[in-house]
Amino acid sequence: MRSGLSGKRYPSCKKITSRERQDMNVTRLMIVAVGGQGNLLAAKVLGEAALLADIPFRMSEIHGMAQRGGVVESAMIFGDAKSSLISDGEADMLAGFEPLETLRALGKCNKKTVVITNSMPLPPFAAAVGQSAYPGPDKLRKLILEKAGSLSSFDATTLAMEAGNVMAVNMVILGALAATGLLPVSAEHIRDTIRNKTRRNFVEVNLKAFELGFTQQH
Amino acid sequence: MHKLLTDEPGKKMLLLGNEAIARGAVEAGVAVAAAYPGTPSSEISLNFFQMAQESDLYFEYSVNEKVSLEVAAAAANTGVRSMCIMKHVGLNVAADALMTLAYVGVRGGLVILVADDPSMFSSQNEQDSRYYAKLSGLAMLEPSTIDEAKEMTIRAFELSEQLEEPVLLRTTTRINHSTAVVTLAEITPPKTEGDFSRNPMRYVTVPAVSRQLHVRLLANLAKAEEMASQSPFNFFEGNGRWGIICNGVSYTYVSDAVRDLGLQEKVTILRLGFSHPLPKEMVHTFLGNCDRVLVVEEGEPVLEETVKAVAQEGGKMLPVGGKGEGLFSRLGEFNPALVRAKIASWFAIDDPLKSVTDSSAQADLPPRPPTLCAGCSHRATFHAVKKAAEEMDVIYPTDIGCYTLGMLPPLGMADFLICMGSSTGTAAGFSKTLDKKVVTFCGDSTFFHSAMAGLVNAVFNKHNFTLIILDNGTTAMTGHQPHPGVDMEKHGLSGFGRIDIEKVVKALGVGHLSVIHPFKLKKSIKALQEAFVFEGVSVVIAREICTLYGKSLKLPKMKPFFVSDKCKNHKDCIDQLGCPAFFVKEGRVNIDPDRCTGCALCAQVCPENAIRPVKK
């Protein structure tokens, strides 16, 4: 550090060595969903699990009028980056609770991105009433694989219902994410978090949904 | 107990930026807080509202931002710590109070939180509030991260007391709506009782007093600059000769970019967290050690222009880049890859991580715009208005709230909107220059916020329009905050008055007033037609509780409806109403019973009477 910029006058002056900066292992996960699918809870569970595991974690939400049927995105960054946003092409993993929304978020993917998606559509209004076309499963698969590294697509909605509540799609997808082994937090940390941080009367359903997703992916 | 009142210093907690700010205020011992809700700042006031019910904190939802600042300003001038929370456009409303409050100053710390919204995720513009710091001559702090947001909130109160001036704490959506781990510190018990010594020559801003106070403000501004140059919120990082100056979230993108581009040895970052007044000497020193400088700031070139002025004053000829062609835009929010690319370009190096994104796959996907909820009473009102005005040439100025979504097809009920409360004022203007019927909309909360003033104006100046007040019993858009028309006793909260919109409108001397229940379609159409033919100012109050709010209050549910065999597939229900409970399966219209709220609007629209309540 040069004298002109020495820490004496500016006591906060930080010196960060290049070594510190290179020792970084950053994982970027994007979760996309339709408002009401419990995206923010899933993200919160991952955040709490990261806190439990003492892994640096930042998340940012985009939920413009989620309760009015819009799209909800959560960007999660594990590890030693400072940003809380994921740029286009820079997600390591993309999880979608709804296939069309997974497709819409493909811009975040690169040829290494691991994509996990619920295959059960929740068509937007225009598609639900036949005013526009909802892409079929084959087109979906093709489009995703053109952009991303791998795709795991399965009916998380039915698994959630099997677990006891259709609202547990978020936990099913969390289970599948945990089973990839790519998350910096372990499945055990996530289970602990579900046990301690989700609403008491949903814990059992949530855990069951998590296991169903985990097994599906495994 | 509210989680933000947790008294465990050292405990780590995962907090939303807005929660971290509220917690910071609590740790600082805030005693009085006031706000009009506005996203992206809404969760701060929501948390204060909740905490006030179980602590010594006084919080109020004020009728608008100007009033909220006046409340906080007076409290702070009795020596108690106060806070005022608003979104960027809210500061426009409060600006009149702000500008002269800066002259008067404060005794207890006053922090004004202003949340900007680059990219306009939930706003009508992306104005840069940093200009308000310049305009008013007040100090401004800008956090880069969530834990810093908490820390800065606490320091903002201290700074305010040191300067005896309000302090502007400026965030952007990316701070408000990001989550990270925050370490709790001790909570300072609030000092809730103030005192005030009469001193009109200090507090009553007549010209003779204000002339003195302006001198005082400028002296404080100079003092603030000295403090900015000593502040730990302004720091250098690295020791290279390529300089990067940044503020707010941009600092996080710059940090990541410098690391990803391997520029640690080449770059020095100047992070300005105490950004106004600019610590000129510090910037001068910084420029002296750089060959080339890039200013990375979202929004307007506020830092860039000041840095260039500092360079000129100091006779430095180095290139300083910021906004401009090939560099940063004034539009929208930044992201890590964008900042990395611009840094690489300005310093003429390669970006090895450059990702080529191709959005072709996304282009032709069916969109998923936000819509009025299934069972939203605004849909019924809009439909009734459309029917009532069928033969008329109408313009529909509107206002800010969920009902702005009425602009989308098939309702198409919005022609003009500039700001909160503009419904009544713009309706007056249109009625003077257009040979059309003017029908305007505003919500109940918006009515109290500022649309009411336009109505008073309309009665006085004898304008000619119909105002439809969409009274759904809450401030719905921002998450169901109360407003002066809400019966707080119903929510188990005592100590509140209640202002009846109907009585207010009557008292203003409006020539024609009716109240409709919009789910009663025929009656509503008739009442609207009567209002529309009235010459002068007519008001129709469309009263029906917000369906989402009703759900959260656990009001009894109505039976859902279904489409019977009598359906002949006219699809009037879908084409005219666009209710998201409808779907088409194998060419037939269906209603999703989980989404249908039983409002029965579609049943009244169906020409075959084919839509029936489900029998249980």
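Q: Which residue of S19(B) does Ile468(B) stand opposite?
A: In this predicted model, Ile468(B) faces Val540(B) of S19(B).

Q: And how many bridges pair S17 and S19 of chain B, in what sense?
A: Strand S17 (residues 465-471) and strand S19 (residues 537-543) of chain B are joined by seven bridges, in the parallel sense.

Q: What's the strand order in that sheet?
A: For chain B the order is S15-S16-S17-S19-S18, five strands in an open sheet with parallel pairing. Strand S15 (394-395) and strand S18 (512-516) of chain B are the edges, each pairing on one side only.

Q: Which strands does helix H16 of chain B touch?
A: Helix H16 (residues 422-433) of chain B packs on the sheet against S15, S16 and S17 of chain B. The direction of H16 makes about 175° with that of S16(B).

Q: And H19 of chain B, which strands does that one touch?
A: Helix H19 (residues 521-533) of chain B also packs on the sheet, where it touches S16, S17, S18 and S19 of chain B. The angle between the directions of H19 and S18(B) is about 165°.

Q: Switching topic: how many residues does each chain put into the A-B contact?
A: Chain A gives 56 residues and chain B gives 53.

Q: Which element gives the most on the chain B side?
A: That's H10(B), with five residues. By class, the chain B side has 25 nonpolar, 21 polar and seven charged residues.

Q: Nice. What joins strand S2 of chain A to S8(B)?
A: Three bridges do, and the two strands run antiparallel. Among the partners, Met59(A) is bridged to Thr179(B) in S8(B).

Technical notes: Residues numbered from 1 in each chain as written. Chains lettered and ligands numbered in written order. Predicted model: local features only at pLDDT ≥ 70, side-chain atom pairs only at ≥ 80, totals over all residues. Contact = placed C-beta atoms within 7 Å. Helix = DSSP H or I, 4+ residues; strand = E, 2+ residues; numbered from the N terminus. Nonpolar A, V, L, I, M, F, W, Y, C, P; charged D, E, K, R; others polar. Pairing = 2+ DSSP bridges. Axes fitted to C-alpha atoms, helices over the stretch in contact; angles between N-to-C directions.
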